[in-house]
Amino acid sequence: MSGHSHDHDDPDYSVLPSDPALRVKSLETLLVNKGLVDPAALDAFIDSFQNDIGPKNGARVVAKAWCDAAYRERLLADATSAIAELGFSGIQGEHMAAVENTDDVHNMVVCTLCSCYPWPVLGIPPTWYKSFEYRSRAVVDPRGVLAEFGVELPEGTSVQVWDSTAEIRYLVIPKRPEDTESLSESQLAELVTRDSMIGTGVISPPGDSNDD
Ligand code: FE
């Protein structure tokens, strides 16, 4: 920074908090306040990484597992390699595990410590995933949390909660909805939602009005 003594305009970057999320938020605030970025554009950018770009990759993995029994086996045995077969790999995706929903078990993923999340297949985590409320309640009251997401599981289905860490990150393979035999793999991928791959959602059959 220049040597002038008055500091009316120069942001003091040394005061940024050390937590990455807070640091980013602080930077964003500085940039917006200085008129350097448009907050609406930033929101759109973040939204697309949360909802579109990232989860579309995971959806392709899930749809392939539904359609290709050998791929499903490889995915369950070594998710990192099977996901890399489709070209999705890299930072925050080095140690993947795939967990499959069945009639007996519904899998749900949390990071109780922070916000570990499989970026190559799901993009960046939604705000609620990083919230203290979700991180604390997902473990002690998974059914209560699921109900708030609008997910009601049959009595006989147990809930398995997986705690993501830097060492292992989980991708849920949701149940393939009924009446989808005629759909192609890419049509199936369109049905797969981000939340269904975190385990806080289930996939409605095609044609169901989706009002959550
Ligand atoms: Fe974490």
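Is Leu-27 buried, exposed or partly exposed? At 32% relative accessibility, Leu-27 counts as partly exposed (buried is under 20% relative accessible area, exposed over 50%, partly exposed in between; 1.4 Å probe, protein chains only).

The model is predicted: local features need pLDDT of at least 70, side-chain atom pairs count only at pLDDT 80 or more, and totals for chains, interfaces and linings use all residues. Residues are numbered from 1 along each chain as its sequence is written, and side-chain values use heavy atoms, without hydrogens and water.

**Iron site**

Cys-111 (SG), Cys-114 (SG), Cys-116 (N) and Cys-116 (SG) coordinate the iron ion at 2.1 to 2.6 Å. Donors are N, O and S atoms within 2.8 Å of the metal (3.2 Å for Na, K and Ca); water is not among the atoms, so sites may look incomplete. The donor residues follow the spacing C-x2-C-x1-C. Angles among the four donor atoms run from 80 to 132°, and the site is irregular. Four donors count as tetrahedral if all angles lie between 85 and 135 degrees; four count as square planar and six as octahedral if opposite donors are over 155 degrees apart and all others between 65 and 115; anything else is irregular.

| Residue | Relative accessibility | Class |
|---|---|---|
| Cys-114 | 38% | Cys-114: partly exposed |
| Cys-116 | 11% | Cys-116: buried |

Disulfides (cysteine sulfur pairs within 2.5 Å) number zero in the whole structure.

**Helix α1**

Leu-27 sits in helix α1, residues 20–33 (a DSSP run of H or I, at least four residues).

Definitions and conventions. Helices (H or I, at least four residues) and strands (E, at least two) are DSSP runs, numbered from the N terminus.
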